[in-house]
Amino acid sequence: MNKKIGIIGGGITGLIVGIFLAKEGHKVSIFEKNTLLSETSSKTTKLLHGGLRYLENFHFNEVKNGLNDRSWWLENFPKQTRKLKIAIPFKNKFSLALIKSFLGIKLYEFLAGSNNLDKSSISKQIKNDQFVLKDDYKTYLSFFDGSMDDDSLGRELISLAKELNIEILEYNEVKNFDTKGTIDKNHFDKIILAVGPWSKILLEQNNIKSQKDIDYIKGSHLIINRKSEFGLMFSGVCKSRYIFALPYQDYTLLGTTEEKVSHPELPEISKNEIKYLIDSFNHILKKSISKKEIISSYSGVRPLIKSKDNFHKSSRDFFIQKNDSLLTIFGGKWTTSPTIARKIVTMI
Ligand SMILES: Cc1cc2nc3c(=O)[nH]c(=O)nc-3n(C[C@H](O)[C@H](O)[C@H](O)COP(=O)(O)OP(=O)(O)OC[C@H]3O[C@@H](n4cnc5c(N)ncnc54)[C@H](O)[C@@H]3O)c2cc1C
C-alpha cells in the first residue's frame with residue numbers, strides 16, 4: 001500500500017531515499033532547513049568509490065557495497081560521472097608499501113567483480129604536464145575509481161525528484177517530530193530522519209534515545225587553479241592518512257584532512273589544514289605549488305559512528321535505527337546512498 005512519507009533532511013541520503021520511495025509509488029515530502037544538497041553533500045572529495053583504503057581495516061562488506069553503488073551511479077548518470085585513473089607514487093621499485101598497495105588494489109578489483117572499471121597497472125612514469133613529481137619517484141601504481149561532478153549530478157537528481165512529484169520544502173527547519181509520524185503538526189505514515197551529522201542531536205532534542213554515538217570529523221579541501229589529467233593518491237606528511245589530488249572541472253581538488261570537532265555547525269578550513277595539504281602535496285612535487293594558486297576551499301563534517309578504533313580507522317558504514325514509525329539513518333557515504341535507499345524501501 002502506498003504511504004505518506006516525510007523525510008527530514010535534503011542531503012544526498014534524503015534525496016536518494018525520497019527518489020527510490022517515490023518510484024515505488026509512495027507520496028514523499030522532503031523538509032530541508034537550507035537548500036537541497038547544500039551541507040555535507042556538497043563538501044565531498046567527489047569520488048564514487050568503495051574506498052580502497054578501508055580495506056586496510058578489513059571493512060570488506062562496506063567496500064563491496066560501495067563498488068556496487070559506484071556502478072549504479074556510472075550507469076545511471078553517465079553525463080555527470082566518469083571513470084577516473086588514480087596513480088599512487090612510490091620511491092622504490094620494490095617495497096613493502098608497494099606490495100601492500102598492489103595486493104590491496106587486486107583485492108579491490110576482485111571485490112568489484114564484474115563491476116570493475118578497468119585493469120590496474122604498474123609503470124615507471126606517468127605523464128601529467130601540470131604536476132611533475134620529484135625524480136625520486138620510480139614506480140607508479142594506477143587503478144580506476146568513479147568520480148562525479150556533484151553540481152550537475154545534484155541538479156539532475158533534483159529535477160528527477162520534481163518529476164516524481166516529491167514535495168520539496170526548502171528553508172523548512174523541523175523542530176519537532178515523534179515516533180508516531182508527526183512532523184511539526186503534519187501527520188505521515190513514516191518519517192525518515194536523514195539529517196547526516198545532526199541525527200543524534202535532533203533525536204535527543206525530541207527526547208528519543210540515540211542508539212549510536214557520533215564522532216564529528218571535519219574534512220577540508222582546497223581547489224587549486226590548475227587542470228589535472230588524472231588523480232594522485234599519496235601519504236600526507238603526517239603519514240596517518242592518504243590525500244587525493246583529483247581533476248575537478250577545470251581545476252585540481254586537494255584533500256582531505258581529518259580533524260575531530262565538537263559539533264557539525266559551520267565548519268571552516270583552518271590555517272593548519274591549509275599548510276598540511278599544501279606541504280603534503282609539495283612533498284611529492286618537483287616544482288612546488290604556492291598558496292596563491294588556491295582559488296577556494298570548503299569543509300564538511302563526517303558523522304562517523306563511534307567505534308573502539310581510532311577515528312581514522314572508523315567505518316563509513318551506515319546504521320538505521322527504528323523507533324515505531326520513525327527510521328533514523330546514521331553514517332554512510334554519498335556513494336552508498338542507493339544501498340541505504342534500497343534498505344529503507346524494504347523496511348517500509
Ligand atoms: C570531507 C568529506 C569528504 C567526503 N568525500 C566523500 C566522497 O568522496 N565520496 C563519498 O561517497 N562520500 C564522501 N563523503 C561522505 C558524504 O559527504 C556523506 O556521506 C553524505 O554527503 C551525507 O549525506 P547526508 O544527506 O546524510 O547528510 P547532509 O548532506 O549533511 O544532509 C543532511 C541535511 O539535513 C538538513 N537538516 C539538518 N537539520 C535539519 C532540520 N532540523 N530540519 C530540516 N533539515 C535539517 C541539513 O541542512 C542537510 O542539508 C565525504 C564527507 C566529507 C565530510
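Visitor: Quick one to start. Which residue in β10 is the bridge partner of Ile8?
Guide: Leu193 is the bridge partner of Ile8 in β10. Bear in mind that this is a predicted model.

Visitor: How many bridges join β1 and β10, and which way do the strands run?
Guide: Four bridges join them, and the strands run parallel. β1 covers residues 4–8, and β10 covers residues 190–193.

Visitor: What is the bridge partner of Leu193 in β18?
Guide: Thr328 is the partner there. β10 and β18 (residues 326–331) pair in the parallel sense, over three bridges.

Visitor: Where do these strands sit in the sheet order?
Guide: The order is β7-β2-β1-β10-β18-β17. That makes six strands in an open sheet with mixed pairing.

Visitor: Which strands stand at the edges?
Guide: β7 (167–169) and β17 (318–323) do. Each has a single partner strand, so one side of each is left without a neighbour in the sheet.

Visitor: By how many degrees are neighbouring strands turned against each other?
Guide: On average by 15 degrees, direction ignored.

Visitor: Back to β7. What joins β2 to β7?
Guide: Three bridges do, and the two strands run parallel. β2 spans residues 27–31.

Visitor: Helices now. How do α1 and α4 cross?
Guide: Their axes cross at roughly 35 degrees and come within 10 Å. The crossing is left-handed. Helix α4 takes in residues 150–163.

Visitor: Which residues meet there?
Guide: From α1, Leu15, Gly18 and Ile19. They meet Leu157, Leu160 and Ala161 in α4. By class, this contact has five nonpolar residues, one polar and no charged ones.

Visitor: Let's zoom out. What domains is the protein divided into?
Guide: Domain 1 is built from three stretches, 1–46, 150–212 and 312–348. Domain 2 is 48–142, and domain 3 is 214–305.

Visitor: How many Å separate the centres of domain 2 and domain 3?
Guide: 19 Å, taken over C-alpha atoms. The contact between them takes 15 residues from domain 2 and 16 residues from domain 3.

Visitor: What classes make up the domain 2 side?
Guide: Where domain 2 touches domain 3, its side has nine nonpolar, two polar and four charged residues.

Visitor: And the ligand? Why does it lie between domain 1 and domain 3?
Guide: Both domains give residues to the shell around the ligand, so it lies between them.

Visitor: Which residues come nearest to the ligand?
Guide: Gly9, Gly11, Thr40, Gly196 and Gly219, out of the 37 residues around it. The elements that give two or more residues to the shell are α1 (12–23) and β16 (294–305).

Visitor: What is the phi of Gln249?
Guide: Near 50 degrees, a positive value in a residue other than glycine. Gln249 belongs to the loop between β13 (242–248) and β14.

Methods: Residues numbered from 1 in each chain as written. Predicted model: local features only at pLDDT ≥ 70, side-chain atom pairs only at ≥ 80, totals over all residues. Near = placed C-beta within 6 Å. Domains from an automatic or database assignment. Contact = placed C-beta atoms within 7 Å. Nonpolar A, V, L, I, M, F, W, Y, C, P; charged D, E, K, R; others polar. Pairing = 2+ DSSP bridges. Axes fitted to C-alpha atoms, helices over the stretch in contact; angles between N-to-C directions. Left-handed = near helix turned anticlockwise from the far one by under 90°.
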